[in-house]
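Okay, thanks for coming, everyone.

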Amino acid sequence: MSLQMVTVSNNIALIQPGFSLMNFDGQVFFFGQKGWPKRSCPTGVFHLEVNRNHIKLKPTIFSKDSCYLPPLRYPATCTFKGSSESEKHQYIIHGGKTPNNELSDKIYVMSVVSKNNKKVTFRCTEKDLVGDVPEARYGHSINVVYSRGKSMGVLFGGRSYMPSTHRTTEKWNSVADCLPHVFLVDFEFGCATSYILPELQDGLSFHVSIAKNDTIYILGGHSLANNIRPANLYRIRVDLPLGSPAVNCTVLPGGISVSSAILTQTNNDEFVIVGGYQLENQKRMICNIISLEENKIEIRGMETPDWTPDIKHSKIWFGSNMGNGTVFLGIPGDNKQVVSEAFYFYTLKCAEDDMNEEQTTFTNSQTSTEDPGDSTPFEDSEEFCFSAEANSFDGDDEFDTYNEDDEEDESETGYWITCCPTCDVDINTWVPFYSTELNKPAMIYCSHGDGHWVHAQCMDLAERTLIHLSAGSNKYYCNEHVEIARALHTPQRVLPLKKPPMKSLHKKGSGKILTPAKKSFLRRLFD
């Protein structure tokens, strides 16, 4: 095992805990970041290119028929081998946290449409489910089993928000263990079926899962209700005859106590467990080799990598499997230094690059990491844009033009801000106010001073007015600054009052003539 520190030359701020890595034919792609550049990244999925211990994040593109894919953090991912050549290697993505700190219950399938000069075009499709649809969750696992010429997805574990009847404003982000149900998902017909197995008594999150043929092994995990990491080892076997599927579970001895570990495959029947936690803030510094032979599983210790002092002393770490026996790790930066990065990154190589594609398609494992703070709101991010043409990124160096200084400060211009003294838009209670809103409040830019963003709802704008202002280029001033803005305007020219002619001073129909004294009084009044 070799540990090597790597530097991220661009977009380093995007790499946050909870990301996922996907390996397509040896190319690694990064997904699930905090945000992404508005101009140089139309999709939010990056090609993670490693060259001489330097990493570059290069944006990728999606086909026009792709669906919207939010930047999910802590989702469950796995590989899936379809029947056709175009579906030879796909990734299944389920659940995860959205930028608005809500949980997703959707299933997405990512596949490669084309490759051209090392530029990959993806297609993302959403799978609609019927039947026993799994609730929204994160920190769980999804795997694919193959039996009798058929395939089926198996979903287990994770955490979810408390039921709506128990959620209060103060405890809006409180989570609980999902019920220990096993879900079988038919990706072809979109059917989901829930199974209750007596051997599975507790809901587990951030466990390790390994799938081979018709069998899945569940190791470790964290029980939030009991705050323990039991040394679990379960074997779930799925039989797919012509009729109803048969699912059974067996409790095996020799499990390990670990959560949030990263699993990487080193050869056909061998895996390595790296990282994770054995207690709340105590990292698990040892590694294990897992061997699968026939219907047996063996877990044994292995030589510990030469961890650096920074890794040893850090309280948390996170990462994901890069494929081909390599793990990508991150630790917090040292705040004591004058100039310090938010995170430092390493690659841990557990095996030589002698694996082929067939060795990586039938095994799947959960690669998410422990959530450092369940109640911490996530920063908002821009949505994916699939309108970009494939040839709009043909420039040789166009992908490397991103400058982090171009990004807006989300702490000031994010959607979840206090835009005025009377602002009542709350991330925990906000619901769409305008018909044009989908998953974030409508905002409008006030041009006073250096400019700032305000919520259209707080400004009490009618929807027709909001659309008109958004479509035009006229300056807008919020309620606080509209009077100041008016004072800056050049006063309009006021025409002098015209003196009424003297003959109009004669009252019609009265038959009376004004006396000279009254005429003099009226002249002074109008002058």
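**A walk through the model**

Let's start with His452, which is partly exposed, at a relative accessible area of 21%. For that wording, buried means under 20% relative accessible area, exposed means over 50%, and partly exposed is in between, with a 1.4 Å probe and protein chains only.

Before I go on, some housekeeping. This is a predicted model, so local features need pLDDT of at least 70 and side-chain atom pairs count only at pLDDT 80 or more, while totals for chains, interfaces and linings use all residues. Residues are numbered from 1 along each chain as its sequence is written, and side-chain values use heavy atoms, with hydrogens and water left out.

How confident is the predictor? pLDDT is its confidence in each residue, from 0 to 100. The mean for the protein is 78, and 76% of residues reach 70 or more. The stretch to be careful with is 355-413, where pLDDT stays under 50. The model still has 174 contacts there beyond four places in sequence, a contact being heavy atoms within 4.5 Å.

Which residues does UniProt list under "binding site"? The record, an unreviewed entry, gives Cys446, His452, Cys478 and His481. These four span 36 residues in sequence, yet no two of their C-alpha atoms are more than 10.9 Å apart, so they gather at one spot. One caution: UniProt positions are in the numbering used here, feature names are shortened, and annotations may be inferred rather than shown by experiment.

Not counting residues up to four places away in sequence, His452 touches Ile444, Tyr445, Cys446, Cys478 and His481. Now, is Cys478 buried or exposed? It's buried, with a relative accessible area of 2%. Cys478 sits in the loop between α4 (463-471) and α5 (482-488). Leaving aside neighbours within four places, Cys478 is in contact with Cys446, His452, Val454 and Met459.

As for the elements I keep naming, helices (H or I, at least four residues) and strands (E, at least two) are DSSP runs, numbered from the N terminus. His452 lies in strand β32, residues 452-455. β32 pairs with β31 (residues 443-446) in the antiparallel sense over four bridges; two strands pair if DSSP finds at least two bridges between them. Tyr445 stands opposite Trp453 in β32. The two strands form a hairpin with five residues between them, and Gly449 in the turn has a positive phi of about 60°.

Next, the sheets. There's an open one of four strands, ordered β18-β19-β20-β21, with antiparallel pairing. Its edge strands, β18 (208-212) and β21 (246-251), each pair on one side only. Inside that sheet, five bridges join β19 (residues 215-219) to β20 (residues 233-239), and Thr215 has Arg237 as its bridge partner in β20. In the loop between β19 and β20 you'll find His222, which is buried at a relative accessible area of 3%.

Another open sheet has five strands, in the order β6-β10-β9-β8-β7, and here the pairing is mixed. At its edges are β6 (61-62) and β7 (76-80), each pairing on one side only. Nine bridges join β9 (residues 107-116) to β10 (residues 119-127), and these run antiparallel. Within that pair, Val109 has Thr125 of β10 as its bridge partner.

That's my tour, thanks.

Note on methods
pLDDT = per-residue confidence, 0-100.
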